[in-house]
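Student: I've got a protein model open and I'd like to learn how to read it. Can you take me through it feature by feature?

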Amino acid sequence: MKQENDLCDIGFIGLGVMGKNLVLNLADNGHNIAAFDLNNEKIDEVIAQDIEEQMSIDKNNCKKRVYGCSSYTQLLSQLKTPHLIVLSVPAGSPVDQVCENLIGAGIQPDDIVIDTGNSLWVDTVAREKKYKANFILFSSAVSGGEEGARFGPALMPSGSPYAWSRIKPIWESIAAKVDSTTGKPLERTKPGEIISEGEPCTAYIGPAGAGHYVKMVHNGIEYADMQIICEAYHVLRTGLSLSPDEIADIFEKWNLGPLDSYLMEISVDVLRHKISDGTPLVDVILDKAGQKGTGLWTAMSSLEVGCPAPTISQAVYARSISSFKELRLQASYQLAGPETQTFTEAEKQTFIEQLHDAIYCSKICAYAQGFQLMKLAGKEHGWTLDFSSIAKIWRAGCIIRAAFLQSISDAFERNEALENLMLDEFFSNQISERQLNWRKGVAQITLLGIPCGALSASLAYYDSMRCDVLPANLLQAQRDYFGAHTFERIDEAESKKYHVEWSTQEREMIAIKTVNKLT
Ligand code: 6PG
């Protein structure tokens, strides 16, 4: 039996890729871990890796920092009280399974369990209530993949403020850090390296569910961002017949300007990668996209909340369409497209510039949609979300980290009531300067017959949002015609509803409720 001061600070359950790296990150930052996984090999692996990494730094200064546990009961017995337990298990029933096992092992009501997975936010709200009598369920989604988990992720914590007061110093220690004057990420790339200065990419998001909602929207934006880059790649590869290396050169150049982002950076790396015979790897990867569901959840939520998010939805559709590989193959022989086109060198350069601007403007639209969605959902669920702070959290560590997140944070700092990012002066100017190129780019891509759902849906979103009159007047009349659904008039108070008796000869217009006959 360990003495109180020998006990571990944190219990950790689930040692998959994310779990293992979070454990090593926590250990580097001075926290002792009692680790458990259903697979014993994973426990041995993380313990061995922790020792190995310490040896590689200084073989005379190695400490045991990760302790393996063979059961939930043993895990609880190894921890300081009240227990702090981190879960890194797949979203859905595995989370409940672990929670039930912890109850079986004797977890106490003042113990804290942190779910770091991509749980569906409504599940988190339900779980917090369900397990209230047994323990405090806290959630903190993690973004940044394997690398982020190891050297500094973005963390989106939400739930009990008391639990947050305990978790905060630990989370701030392991999170990615940003230079407070430049807003740029402070790089941490080696085991044993610790960054204690800078602003940590974590901040309390709100009550249970809010953090997972924000992470879900992060992932929705991630889908959109990825799809936008993929559409640009598609145009350059098939429309301009550029090689992956040539496209990597273009992306690399773009990454020095406003498109500077992690996703652009990794795309360059991917495009340059060759297999043993020299073929670019990307050319041999099957074009069927996978998805675990967070992008779909964002699109579904946008429909439920009534907040347009077409760039995000298109990104989900693009993955779905990609999965119909055989049907697409068949259709490629049967369905007509335009003639192929050739371009002069000068035309190519112009098109590439248009493509750059189309990406940038579409990216602004994707973020505008994501932030507006969080705003409307926050209103609906009573969460007071701090959008400047959320944008700050995303400046480093996470998958959508990008230079322009600082500008997004500044926009919400200037106006915390900002309804849509495109209406911030900085962003409206950015789009104004580029919108003509965006249009020309999308038009040219369309003439080539290359799908660009995310780029063109973004443009339609932009044009719809800036349209003072939409054809919804005719739509309202159609609804009234077949379903007596009524309409409002521009020359009367909005609350007044009208209906036309379409079936009668006279087609009288009736003001509903007051039932005034109008001439
Ligand atoms: C992150 C990622 C991470 C994961 C996605 C991938 O922020 O670190 O978003 O959560 O990579 O779940 O999702 P898909 O499998 O749906 O692409």
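Tutor: Of the 14 residues around it, Asn-118, Ser-143, Glu-222, Tyr-223 and Lys-292 come nearest; a residue counts as near a molecule or strand if one of its heavy atoms lies within 4 Å of it. Keep in mind that this is a predicted model, where local features need pLDDT of at least 70 and side-chain atom pairs count only at pLDDT 80 or more, while totals for chains, interfaces and linings use all residues. Residues are numbered from 1 along each chain as its sequence is written, and side-chain values use heavy atoms, with hydrogens and water left out.

Student: Which residues put an N or O atom by an oxygen atom of the ligand?

Tutor: What you're looking for is a polar contact: a pair of N or O atoms within 3.5 Å; within protein, one must be able to donate a hydrogen and the other to accept it, and residues adjacent in sequence count only if both atoms are side-chain atoms. Asn-118 uses its side chain, with an N or O atom 2.8 Å from a ligand oxygen. Gly-145 and Lys-292 use the backbone instead: the distance is 3.2 Å for Gly-145 and 2.7 Å for Lys-292.

Student: How many helices and strands does the protein chain have?

Tutor: There are 20 helices and 13 strands. Helices (H or I, at least four residues) and strands (E, at least two) are DSSP runs, numbered from the N terminus.

Student: In what order do the strands of the 7-strand sheet come?

Tutor: First the general idea: strands of a sheet pair through backbone hydrogen bonds, either parallel or antiparallel. Two strands pair if DSSP finds at least two bridges between them. Here the open sheet runs E3-E2-E1-E4-E5-E6-E7, with mixed pairing. Its edge strands are E3 (66-68) and E7 (154-158), each pairing on one side only. Ile-112 stands opposite Ile-136 in E6.

Student: Which strands does H1 lie across?

Tutor: H1 lies across E1 (10-13), E2 (33-36), E3 and E6, running at about 165° to E1. Axes are lines fitted to C-alpha atoms, for helices over the stretch in contact, and angles run from 0 to 180 degrees between N-to-C directions. Helix H4 (residues 93-104) lies across E1, E4 (84-87), E5 and E6, at about 155° to E4.

Student: Where does Arg-395 lie?

Tutor: Look in the loop between helix H16 (387-393) and helix H17 (405-414).

Student: What sits opposite Val-178?

Tutor: Pro-185 in E9 does. Strand E8 (residues 177-178) and E9 pair in the antiparallel sense over 2 bridges. They belong to an open antiparallel sheet of 3 strands, ordered E9-E8-E10. E9 (185-186) and E10 (199-200) stand at the edges with a single partner strand each, so one side of each is left without a neighbour in the sheet.

Student: How many disulfides are there?

Tutor: A disulfide is a pair of cysteine sulfur atoms within 2.5 Å, and the count here is 0. For Cys-69, the nearest cysteine sulfur, that of Cys-8, is 7.0 Å away. Cys-69 counts as buried, at 2% relative accessibility.

Student: And what share of the 519 residues in the chain is buried?

Tutor: Buried residues make up 48% of them.

Terms used: Buried means under 20% relative accessible area, exposed over 50%, partly exposed in between (1.4 Å probe, protein chains only). Contact means heavy atoms within 4.5 Å.
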